[in-house]
Amino acid sequence: MKKLILCAATLVAAFHGMAQQRKTENIVIVTMDGMRWQEIFGGVDTALAHNEHFAPEGQESLKNFGADSTASSRERLLPFFWGTIAKQGQLYGNRSEGNLVNVANRYQFSYPGYNEMFTGYPDTLVNSNDKNYNKNTTVLEYINQQPGFKGKVAAFSTWDAFPYILNMPRSGVYVNAAMDSIPATTPALTLIGEQVRLSPKYLGGRPDEFTYMAGREYLKANHPRVLYIAFDDTDEFAHAGKYDEYLKQAHAEDAMLADLWHTLQSQPQYKNKTTLIVLCDHGRGGAGLPTWTSHGQDVKESGQIWMAFLGPDTRALGEIKTQQQVYQQQIAATIAGLLGMQFSAAHPVAPPLTHVF
């Protein structure tokens with residue numbers, strides 16, 4: 001027992017020692033809802049691209065994003081992932097290499113996934129996408145309560161459930177979701193608000209590009225310490241069975257990530273002081289399968305995900321090919337750990353991915 005206590009004390013001391021050396025002062029998190037690991041690591045799924053039902057413009061998709069090898073195809077589809085993150089950061093989840101990333105929740109759809117991601121706790125009672133305020137404490141709420149972070153945590157989302165997932169009234173985290181009005185505090189934000197109001201709503205709500213631009217301009221104007229941007233349209237196009245549009249959206253979101261990283265590196269408050277985390281909430285049906293449109297506990301491979309990290313405390317290991325198993329529930333403590341904090345709550349919290357920092 002004494003030895004166990006000593007080991008625990010040593011780990012705590014080591015954690016605080018690492019925290020003092022941390023360069024990360026800000027965190028930016030981006031999620032690509034329902035984005036499959038198969039495209040992240042393999043590029044275009046040629047079986048789907050040749051399927052006229054799912055990809056009536058399949059030849060155009062292959063022309064734009066296809067290649068003779070998976071490595072070349074993924075680079076064409078996601079140039080920021082493979083030109084920047086894979087060279088300067090870390091990418092997890094290529095199951096072809098035995099690097100396994102999974103959700104720990106049993107349901108394998110959005111609200112349970114985002115709850116797991118931000119609370120570190122795959123709560124079995126979070127079992128629907130209904131707009132109920134989350135009873136669990138998210139790491140964003142925890143950070144918002146810490147000195148120097150109060151009022152400096154914000155989220156911009158395309159999906160209208162995020163004020164509930166992040167429990168905006170209780171947490172104090174600013175959440176701008178779906179068709180919420182954009183705060184007209186700068187000319188750029190005013191213009192984006194007008195564009196949202198006047199644009200066609202092809203998927204029923206605010207397009208991801210406006211969610212992104214609003215988040216970017218809010219960052220420039222308000223300098224949050226933690227910013228979360230939640231995309232949704234990859235999942236919407238997948239559910240609609242539109243593989244061509246799914247690929248175009250993934251490519252566009254990669255370009256937004258590149259623009260975001262450039263923006264961060266152009267701002268003195270963020271340059272070389274900010275860690276970018278990119279991941280998804282769940283997987284979906286596997287390569288070449290008609291079930292690629294769906295996910296949930298009855299759809300095989302829905303629990304298979306990926307994650308990426310880029311920042312001053314993350315060694316440039318690139319694509320991680322180590323055979324290992326990590327889980328979405330470890331993200332919450334990792335976010336806190338990058339800021340030198342130990343996330344704690346009334347519910348269990350999974351340990352951080354310490355190799356990220």
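A residue counts as buried when its relative accessible area is under 20%. Ser61, at 3% relative accessibility, is therefore buried in this predicted model. Ser61 lies in helix α4. Beyond its neighbours within four places in sequence, Ser61 contacts Val44, Gly66, Asp244 and Leu247.

Helix α4 spans residues 58-65, and its buried residues are Gly58, Ser61, Leu62 and Phe65. These four residues lie on the same side of α4 because they cover an arc of only 100° around the axis. Gln59 and Lys63 are exposed on the other side of α4.

Two packed helices are described by the angle between their axes and the distance between the axes. For α12 (residues 208-222) and α14, the angle is about 5° and the axes are 11 Å apart. Angles under 35 degrees count as roughly parallel, so α12 and α14 are roughly parallel to each other. From α12, the contact involves Asp208, Glu209, Tyr212, Arg216, Leu219 and Lys220. These meet Gln249, Glu253, Met256, Asp259, Leu260, Thr263 and Leu264 in α14. By class, the contact of α12 with α14 holds five nonpolar, two polar and six charged residues.

Helix α6 (residues 79-88) packs on α14 at an angle of about 45°, with the axes 8 Å apart. The two helices α6 and α14 are therefore oblique to each other. Pro79, Phe80, Phe81, Thr84 and Gln88 form the α6 side of the contact. The α14 side consists of His251, Asp254, Leu257, Ala258 and Trp261. Six residues of the contact of α6 with α14 are nonpolar, three are polar and one is charged.

Strand β6 (residues 226-231) has six of its six residues buried, so β6 is largely enclosed by the rest of the structure. In a regular strand the side chains alternate between the two faces of the sheet. Both faces of β6 are covered. Val226, Tyr228 and Ala230 are buried on one side. Leu227, Ile229 and Phe231 are buried on the other.

Strand β6 pairs with β1 and with β4. The pairing with β1 (residues 26-32) is parallel and has six bridges. Here Ile27 stands opposite Val226 of β6. Strand β4 (residues 153-157) also runs parallel to β6, joined to it by five bridges. Ala154 has Leu227 as its bridge partner in β6.

Conventions:
Residues are numbered from 1 along each chain as its sequence is written. This is a predicted model: local features need pLDDT of at least 70, side-chain atom pairs count only at pLDDT 80 or more; totals for chains, interfaces and linings use all residues. Side-chain values use heavy atoms; hydrogens and water are left out. Buried means under 20% relative accessible area, exposed over 50%, partly exposed in between (1.4 Å probe, protein chains only). The arc is that of the directions from the helix axis to the C-beta atoms. Axes are lines fitted to C-alpha atoms, for helices over the stretch in contact, and angles run from 0 to 180 degrees between N-to-C directions. Angles under 35 degrees count as roughly parallel, over 145 as roughly antiparallel, 65 to 115 as roughly perpendicular and the rest as oblique. Contact means heavy atoms within 4.5 Å. Ala, Val, Leu, Ile, Met, Phe, Trp, Tyr, Cys and Pro count as nonpolar, Asp, Glu, Lys and Arg as charged, and the others, Gly among them, as polar. Two strands pair if DSSP finds at least two bridges between them.
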